[in-house]
Amino acid sequence: MVRAISSLIALLAGIVLAGPAVAEVSIVVDKTTQRMIVSVNGEQRYAWPVSTGTVDYSTPAGTFTPSRLAKVHYSREWDNAPMPHAIFFTDAGHAIHGSRATNHLGAPASHGCVRLAPGHASILFDLVTVEGPGQTRVEITGMDPIGTGLAGGAGAGGDYRRLTSFDPLEDGIMAGGSGRRSRPEISTNP
């Protein structure tokens, strides 16, 4: 009997000393595909469409740890825009948060934050709250699609002059003129 009690005490002590089980949460946002993958302890749990920043308001790439959670937040910078279930990951105020602009999910549309459908933002917020911001890694990868935010929609023409000073119609091989261009002579002398 004494042996059974001491074994039980040793087991309970091991449980108490081990503390609660903590899971590692990985949130990977790919700006190229506009998708978020959420994994817990290396096992994928969710895959959702997102909206990252437009060209003028790029979402920063890198690896971050959430610095603050706010169940209800309104942007002081963008006309008091609602940012429910906000998970802030930069000191500049970038966050993952819910958005009612679900028709834009899957394409860049934000001022630099990562937008999610409201239900998905709530699920993610609860997961990070339970596991803890210190156990959560936010990784933003990929490239901003060129030309997003410049034109009136997919396939619409836009003014791309601010992306480059080179105009192929004035400066390049497509420039006007009927005369044949000659190649500069190549010197054979070193």
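Analyst: Happy to! Helices (H or I, at least four residues) and strands (E, at least two) are DSSP runs, numbered from the N terminus. With that in hand, the elements of the protein run α-β-β-β-β-β-β-β-β-α-β from the N terminus on. This is a predicted model, where local features need pLDDT of at least 70 and side-chain atom pairs count only at pLDDT 80 or more, while totals for chains, interfaces and linings use all residues. Residues are numbered from 1 along each chain as its sequence is written, and side-chain values use heavy atoms, with hydrogens and water left out.

User: How many helices and strands does the secondary structure come to?

Analyst: Two helices and nine strands.

User: What order do the strands take in the five-strand sheet?

Analyst: The order is β3-β2-β1-β9-β4, in an open sheet with mixed pairing. Two strands count as paired if DSSP finds at least two bridges between them. At the edges sit β3 (43-49) and β4 (62-64), each pairing on one side only. From one strand to the next, the twist averages 15°; axes here are lines fitted to C-alpha atoms, for helices over the stretch in contact, and angles run from 0 to 180 degrees between N-to-C directions.

User: Nice. Do β1 and β2 pair in the parallel or antiparallel sense?

Analyst: Antiparallel, over six bridges. Valine 28 stands opposite isoleucine 37 in β2. Their hairpin has four residues between the strands, and glutamine 34 takes a positive phi near 60° there.

User: And which way do β1 and β9 run, parallel or antiparallel?

Analyst: Those two run parallel, joined by six bridges. Aspartate 30 has threonine 141 as its bridge partner in β9. On to β2 (residues 35-40) and β3: six bridges join them, and they run antiparallel. There, arginine 35 has proline 49 of β3 as its bridge partner.

User: Which strands of that sheet does helix α2 touch?

Analyst: Helix α2 (residues 118-131) packs on the sheet and touches β1 (25-30), β2, β3 and β9 (136-141). The direction of α2 makes about 145° with that of β3. Contact means heavy atoms within 4.5 Å.

User: Changing topic: what's the order in the four-strand sheet?

Analyst: That one is also open with mixed pairing, in the order β5-β6-β7-β8. Strand β6 (residues 86-88) and strand β7 (residues 95-98) run antiparallel, with two bridges between them. In β7, alanine 95 is the bridge partner of phenylalanine 88.

User: I keep looking at histidine 85. Where is it?

Analyst: Histidine 85 is in the loop between β5 and β6.

User: Why does histidine 85 count as buried?

Analyst: Because its relative accessibility is 15%, and buried means under 20% relative accessible area, with exposed over 50% and partly exposed in between (1.4 Å probe, protein chains only). Leaving aside neighbours within four places in sequence, histidine 85 is in contact with residues including Ala70, Lys71, Ile96 and Phe125.

User: How about threonine 129, why is that one partly exposed?

Analyst: Threonine 129 counts as partly exposed because its relative accessibility is 44%. Threonine 129 lies in helix α2, and its C-alpha atom is separated by 9.5 Å from that of isoleucine 87, 42 residues apart along the chain.

User: Let's go inside. Which residues touch the most other members of the largest nonpolar core?

Analyst: Ile27, Met36, Ile96, Val114, Leu116 and Leu124, out of 22 residues in that core. A nonpolar core is a set of buried Ala, Val, Leu, Ile, Met, Phe, Trp, Tyr and Cys residues joined through side-chain atoms within 4.5 Å. β1, β2, β8, α2 and β9 each supply at least two residues of this core, and the largest share, five residues, comes from α2. Apart from it lies another core of six residues, including Met83, Ala86, Phe88 and Cys113.

User: What does methionine 36 contact, neighbours aside?

Analyst: Beyond neighbours within four places in sequence, methionine 36 is in contact with several residues, among them Ile27, Tyr46, Trp48, Val114 and Leu124.

User: Last one: what share of the whole protein counts as buried?

Analyst: Of its 190 residues, 32%. As for contacts in the protein with a separation of 6 or more, 53% come from residues 24 or more positions apart.
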